[in-house]
Amino acid sequence: MPNLPTAAVIGAGSSGIAAIKELHARGIDVVGYEASDRIGGNWVFGNKNGMSAAYRHLHINTSRTRMEFADFPMPASYPDYPRHDQIAAYFEDYVDHFGFRDCIRFETKVTSAVKRDDGTWELTDDRGATQVYDMLVVANGHHWDPRWPEPAFPGSDDFAGVQMHAHSYIDNEMLRDKDVVILGMGNSAMDIAVESSYVAANTYLAARRGAWIVPKHMAGRPTDAMAAKFNRPQLPWKLRQRMFQKLLELNVGKPQDYGLPKPDHAMGESHPTISGRILDRLTHGTVTPKPNIARLEGDEVVFTDGSRVHADVVIYCTGYKVTFPFFSEDLISAPDNHIELFRRVWHPDHATLAFVGLLQPLGAVMPLAEAQGRWIASYLRGEYRLPTRLEMLDDIRRDMASMAKRYVSSKRHTIQVDFDDYLWHLAKEERAGAERARAAGFALPVPARAHDPERAAA
């Protein structure tokens, strides 16, 4: 198919490379823009782009068989839960195996993305170069712009110790012999609390709300791989929920058994916390659970139950903001992390704009980004046709209502999906869109511009 639309992908992290690979494999002329000097994004410890949240001893919290790309398995020599450097090496091998490294412009940051009147996108990079593409795919990640407590705790401005966001955490040497307060009940909070507990004088884990703690293994198998056996989209959600919660309680008990706050929701109604070690550290008394922070006073942290502790360091594990610094806010933004997309990919007002990896799954992002990349490639080849704008808006409203009904209201859950459910519904929509494309004669969705000779030379 000559004269296919051209495409740009912003970001070459785990989602960006999945999109670039799928577009490249399907004959789309694609260029990836990456601010760093290498691929891997968040999984590159010490990434020179300054955006990675990886810390020195980071391991994945989804098992390798549930995280790997469908057509490129992780090495069998890898452990069930590999380290960040093993994941980064896997991504490097993935790019080289499929031969699309030349499609990526490294150390090239997109500073502006402007939609032109003809629907194409004009991208300007930090070198001052400008290029136009038929399609723009955004894969800039959503774990790089730290969200601090809002509003700040009283006394924060005068606190005598160090306050930092989890994004700046490197390793536990910075906590050695110190009194440390960690705020949060998510994966980063648990990991940092465990690491702190081995070197700090005292480690306190403060919680704004309760959370279900899921171990990495059950019955000798990775928990997510075992749960996938019965977490089937064809089964009613309430049945799956009861089954897994009962299994969890039989294996590890309830969070309050370990001094943690009782969750105000059932299992699966909030993003679970995956940790194979935090419960051990709690039972050994090396991590002390505390309620939410009320205020900071001098060199102390005061909690909502009136108790107080000395603190040298306070670490806020309070999540991230969804931001797109290359868009004007009146064009595309995500206030309070809210953005309305059809199946978490398509903007209903911009047929030439798609997002990849902009979701928070109960499972790994990578296979979902891979599926999204294939979906976009099918669209650009005319093999899939989107629903009408009104149909997309209606689908978005139903999705938002379903999410609000299931999940605890939180900025963390604005882009939440269930791994298996998402893939199942995506496959169903792809089949429906293929029928629409067939009826339309497989016409290309957007007009392809003549190839720019200067761009080809670049």
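Because the model is predicted, local features need pLDDT of at least 70 and side-chain atom pairs count only at pLDDT 80 or more, while totals for chains, interfaces and linings use all residues. Residues are numbered from 1 along each chain as its sequence is written, and side-chain values use heavy atoms, with hydrogens and water left out.

Aromatic rings come first. Rings of Phe, Tyr and Trp (its six-membered ring) are taken to pair if their centres lie within 6.5 Å, and that rule gives 22 aromatic pairs. Seven names turn up in one cluster linked by ring pairs: Phe-69, Phe-72, Tyr-90, Phe-91, Tyr-94, Phe-98 and Phe-100. Phe-98 also has a charge over its face, with Lys-21 at 4.4 Å from the ring centre; a charge sits over a ring if NZ of Lys or CZ of Arg is within 6 Å of the ring centre and within 35 degrees of the ring normal. Arg-281 does likewise for Tyr-198, at 3.8 Å from the ring centre.

Ser-197 is buried, at 9% relative accessibility, where buried means under 20% relative accessible area, exposed over 50% and partly exposed in between (1.4 Å probe, protein chains only). Its side chain makes a polar contact of 2.9 Å with that of Arg-281. Such a contact is a pair of N or O atoms within 3.5 Å; within protein, one must be able to donate a hydrogen and the other to accept it, and residues adjacent in sequence count only if both atoms are side-chain atoms. A polar side-chain atom of Ser-197 also lies 2.6 Å from the backbone oxygen of Val-194. Beyond neighbours within four places in sequence, Ser-197 is in contact (heavy atoms within 4.5 Å) with Thr-203, Arg-281, Thr-286 and Val-287.

Helix H8 (residues 366–380) has 15 residues and spans 21 Å from first to last C-alpha, close to the 21 Å expected; the expected span is 1.5 Å times one less than the number of residues. H8 is largely enclosed by the rest of the structure, because 14 of its 15 residues are buried. Just after H8 comes Gly-382, with a positive phi of about 80°. Helix H10 (residues 419–439) has 21 residues and reaches 31 Å, close to the 30 Å expected. Its buried residues include Phe-419, Tyr-422, Leu-426 and Ala-437, and their cover includes H8, helix H6 (237–252) and strand S22 (416–418). At the start of H10, a side-chain oxygen of Asp-418 comes within 3.2 Å of the backbone nitrogen of Asp-420. Gly-441 follows H10 with a positive phi, near 80°.

Glu-150 and Pro-151 are joined by a cis peptide bond, with omega about -5°, and Pro-151 sits in the loop between strand S7 (135–138) and strand S8 (162–165). Asp-177 is not a glycine, yet has a positive phi of about 65°; Asp-177 is exposed, at 60% relative accessibility. Arg-344, not a glycine either, has a positive phi of about 65°, but is buried, with a relative accessible area of 6%.

Methods. Rings of Phe, Tyr and Trp (its six-membered ring) pair if their centres lie within 6.5 Å; planes under 30 degrees apart count as stacked, over 60 as edge-to-face and the rest as tilted. Helices (H or I, at least four residues) and strands (E, at least two) are DSSP runs, numbered from the N terminus.
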